[in-house]
Amino acid sequence: MNQDIERVKVLIIGSGPAGYTAAIYASRAGLNPVLYTGGQPGGQLTITTDVENYPGYPDGIMGPEMMEDFRKQAERFGTKVRYGMVTAVDFSQTPYVVTVDEQVTVHADTVIISTGASAKWLGLDSETRLNGKGVSACAVCDGFFFRGQDVAIVGAGDTACEEASYLANICSKVYMIVRRDEMRASQIMQNRVMNNPKIEILWNTETEEILGEEEVTGARVINNVTHQKRELKISGFFVAIGHQPNTSVFKDFIHMDESGYIKTIPGSTKTNVEGVFACGDAQDHIYRQAVTAAGTGCMAALDAERFLAALENH
Ligand code: NDP
């Protein structure tokens with residue numbers, strides 16, 4: 001049941017660097033934006049530790065602290081930050097209709113999509129069953145629970161390398177499960193894991209099953225060249241195999257690529273729907289950095305501002 005209807009000029013969906021930067025610009029332009037945070041207020045940076053590559057922080061900053069700063073800066077200029085999840089949209093008419101938590105209806109002249117991306121999973125039944133009982137997609141959030149114990153991590157990108165190194169600082173041993181005979185990660189990150197005596201890399205290896213009833217006790221892995229199986233005795237199983245854009249709620253209206261990343265008109269944040277803009281990881285599968293997300297958030301706010309100005313001049 002729709003109980004409340006609110007009319008806004010700029011509705012921002014998502015609360016990572018893209019969403020908050022859009023909010024800072026839109027609020028400073030006097031557009032009184034409303035921002036809905038989504039299920040993970042602050043976005044992916046809230047599940048990371050040190051951010052050392054965001055310009056302006058010479059000593060680095062913790063991800064959650066940085067996102068608090070983003071939120072405060074957006075609120076300082078009048079952004080209304082609300083907790084809620086967008087559950088439906090109708091972009092077939094203007095103003096655009098956005099439903100939050102299946103009960104609040106917002107009518108928006110422009111919408112800025114900054115919903116980011118979420119972790120991918122392997123898709124094993126045992127992974128679902130033991131999720132939160134030793135299976136995790138965030139080493140930084142959950143590594144602490146396995147201090148002094150043996151753990152495994154799946155993946156071979158920069159995230160997996162970063163998290164394997166992080167886990168090696170806390171845990172007694174880290175098995176890194178890599179499905180090919182090489183890694184996708186940058187050379188510097190690969191070197192870091194390869195030179196860490198606490199990390200054992202299992203090349204050409206895939207996970208058949210995560211073992212344990214009430215909690216993780218091991219994992220059965222198979223070498224995809226020799227077909228030799230091995231049981232690892234571990235209490236934590238981390239998955240770091242990439243991300244999925246959080247865009248499914250928009251799929252009936254917004255053009256996307258086959259992975260669900262929103263297509264924007266090059267050099268802008270414009271989508272195929274006039275007045276609906278996309279920024280951050282929801283539309284970027286290449287750079288995926290906090291600073292690039294923030295940059296496109298700024299672009300989205302400027303695009304929205306120009307769109308509204310053109311509407312008023314008509
Ligand atoms: P990536 O997409 O780069 O890597 C995903 C990894 O997971 C790949 O090695 C892939 O293997 C593996 N994988 C995917 N599916 C499966 C599966 N079903 N089973 C086993 N392995 C699987 O994701 P990341 O999250 O690592 O990185 C995303 C982006 O963020 C990248 O651009 C990265 O450079 C960047 N990043 C940068 C950091 C930094 O600079 N500090 C830190 C973290 C991320 P395969 O190679 O065989 O496809």
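These legends walk through several close-up views of a predicted model. Residues are numbered from 1 along each chain as its sequence is written, and side-chain values use heavy atoms, with hydrogens and water left out. Because the model is predicted, local features need pLDDT of at least 70 and side-chain atom pairs count only at pLDDT 80 or more, while totals for chains, interfaces and linings use all residues.

**View 1. The chain is assigned two domains, domain 1 and domain 2.** Domain 1 takes in 6–118 + 243–313, and domain 2 covers 121–239; such bounds come from an automatic or database domain assignment. Taken over C-alpha atoms, the domain centres are separated by 32 Å.

**View 2. Helix H5 crosses helix H6.** Here we look at residues 158–170 (H5) and residues 187–194 (H6), whose axes come within 9 Å and cross at roughly 35°. Axes are lines fitted to C-alpha atoms, for helices over the stretch in contact, with angles running from 0 to 180 degrees between N-to-C directions. Helices (H or I, at least four residues) and strands (E, at least two) are DSSP runs, numbered from the N terminus. The H5 and H6 crossing is left-handed, meaning that the near helix is turned anticlockwise from the far one by less than a right angle. On the H5 side, Asp158, Cys161, Glu162, Ala164 and Ser165 meet Met189, Gln190, Arg192 and Val193 of H6, where contact means heavy atoms within 4.5 Å. The residues of this contact divide into 4 nonpolar, 2 polar and 3 charged. In this grouping, Ala, Val, Leu, Ile, Met, Phe, Trp, Tyr, Cys and Pro are nonpolar, Asp, Glu, Lys and Arg are charged, and the others, Gly among them, are polar.

**View 3. Ser165 is a buried residue of helix H5.** Its relative accessibility is 16%; buried means under 20% relative accessible area, exposed over 50%, and partly exposed in between (1.4 Å probe, protein chains only). Leaving aside residues up to four places away in sequence, Ser165 touches Arg192, Val193 and Ile199.

**View 4. Asp109 pairs with Arg7 from a place in strand E8.** Strand E8 spans residues 104–113, and Asp109 is buried there, with a relative accessible area of 19%. The side chains of Asp109 and Arg7 are joined by a polar contact of 2.7 Å. A polar contact is a pair of N or O atoms within 3.5 Å; within protein, one must be able to donate a hydrogen and the other to accept it, and residues adjacent in sequence count only if both atoms are side-chain atoms. Not counting residues up to four places away in sequence, Asp109 touches several others, including Pro95, Tyr96, Gly275 and Phe307.

**View 5. A cis peptide bond leads from Thr94 to Pro95.** Omega of this bond is near -10°. Pro95 sits in the loop between strand E6 (86–90) and strand E7 (96–100), and Pro95 is also one of the residues touched by Asp109.

**View 6. Asn32 and Glu102 have positive phi values.** Phi is near 45° for Asn32, which lies in the loop between helix H1 (17–28) and strand E2 (34–36). Asn32 is exposed, at 52% relative accessibility. Phi of Glu102 is near 60°, and this residue belongs to the loop between E7 and E8. Glu102 is exposed too, at 61%.

View 7. Met299 and Ser268 are 31 residues apart in sequence and 6.9 Å apart in space, C-alpha to C-alpha.
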